[in-house]
Amino acid sequence: MGIKTITSKKSQPTPVGIRLKAELKKRGISQKNFAEQLGMSPSHLSDIVRGSRPLSLKTAVSFQNLLGIPAKEWMDLQISHNLEDNPHHDNADFRDAEELAEYDRIISVKVLLKEAKINVKCNKDCLDVLRRTYNLPSPEKLKNESDMLKNRFFKKTAKTGLDERMIATWIVLAKNSTKEQKVYSKFDESTLSELSSRLSQVFNSNSNTIIRTHDLLASYGIKFSVVERLDHASIDGYSFIDGDTPAIVVTKRYDRIDNFAFSVLHETYHVYKHLNDECNQMISIVDYDIESAEEKEANDFASRTLVNPNFWSDAPTVQLNKPWTIQRKYSSWAEEHHLNKWIVLGQISHITGMYKFKSDDSRKIH
């Protein structure tokens, strides 16, 4: 009789399905309910659990959002499982999936693909769109850039929900928005006063405002665009150096001429005074814990430019507990000084903290 030997069997990678079932059991969530939360049919999820259907990056991101487990962990499980089943398989697609998962930890791949409006069919297509459309560096370099920005600018407060990943995503969109823009002249550091005066005229007239702002800034060698804000990324504006050309991007967080005017002038000041070799970008995030010296300077400049401090000397005397009286009197006063009433009322709100004025259509950006 031969001697029976026992050989140690290599431990199998934990399949996505086993990990998912364990997580759902721990949280008291049925597989059917989880499929509903995913917006997926129960049979589709069952295929993933059984391993008969591979996990996609999109689904891994959905797992991440619902369970708080990084998409990369799910994709690593899928890649290991695939390679174990077929070690001779060309694993290029698995590597692409892993790289996408790395990107998705830093930025929202889903948002960028949606904004690109390009139909993608596989992981390679996703990467091609990200690289071609947004000129993304490697995930490692992108993370380093994001960390540098976070350390310098992200000052989280209890009042403001800041998602560093969504802010980094918005910055990618902002940079992409100016990529193909042309300016009409070379930027001249001595033209701040002249430009700000002309911008103020554009804002006070509030007619065809965004196009006129773009054309005016381009004539002074500055790129400009508006990129809608993303959820959980409370950004007012961003200024940076695009190649050799300064650029300003604002969010139009509120469709109000006073907010828009303030944000553009704020970033304009950064362009002239704060973008240099040591700092080639500035980002204005709502509700800083501590206002930096640069931010305070830019805020003061925007306020002074919008309403000359000398004008306030003959301002109407009113009681602060009567917002409707303030609105009526200061609207007339603004008209007398050829100022936009909402820019004046916006300044009063900023100074006094009073925000009870009744808005009308003239407050919108026209």
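A search of the whole structure finds one cavity of 30 Å³ or more. A cavity is a set of points on a 1 Å grid over the protein atoms alone where a 1.4 Å probe fits but cannot get out; lining residues have an atom within 4 Å of a point. Volume is the space filled by probe spheres set on the points, which are joined across faces, edges and corners.

The model is predicted: local features need pLDDT of at least 70, side-chain atom pairs need 80 or more, and totals for chains, interfaces and linings use all residues. Residues are numbered from 1 along each chain as its sequence is written, and side-chain values use heavy atoms, without hydrogens or water.

| Largest cavity | Value |
|---|---|
| Space | About 60 Å³ |
| Lining, by class | three nonpolar, three polar and three charged residues |

Among the lining residues are D236, K252, R253, Y254 and F260. Here Tyr and Phe count as nonpolar, Asp, Glu, Lys and Arg as charged.

The largest nonpolar core has 58 residues. Such a core joins buried Ala, Val, Leu, Ile, Met, Phe, Trp, Tyr and Cys through side-chain atoms within 4.5 Å; buried means under 20% relative accessible area (1.4 Å probe, protein chains only). L20, L45, F63, W74, I107, L130 and W170 touch the most other members. Helix α10 (residues 164-177) gives the most to this core, with eight residues. Helices are DSSP runs (H or I, at least four residues), numbered from the N terminus.

Another core, of 43 residues, lies apart from it and includes A261, L265, L339 and I343.

Methods:
Buried < 20%, exposed > 50% of the residue type's maximum accessible area, 1.4 Å probe, protein only. Helix = DSSP H or I, 4+ residues; strand = E, 2+ residues; numbered from the N terminus. 1 Å grid on protein atoms, 1.4 Å probe; cavity = no way out; pocket = protein on both sides within 12 Å on 5 of 7 lines; lining within 4 Å.
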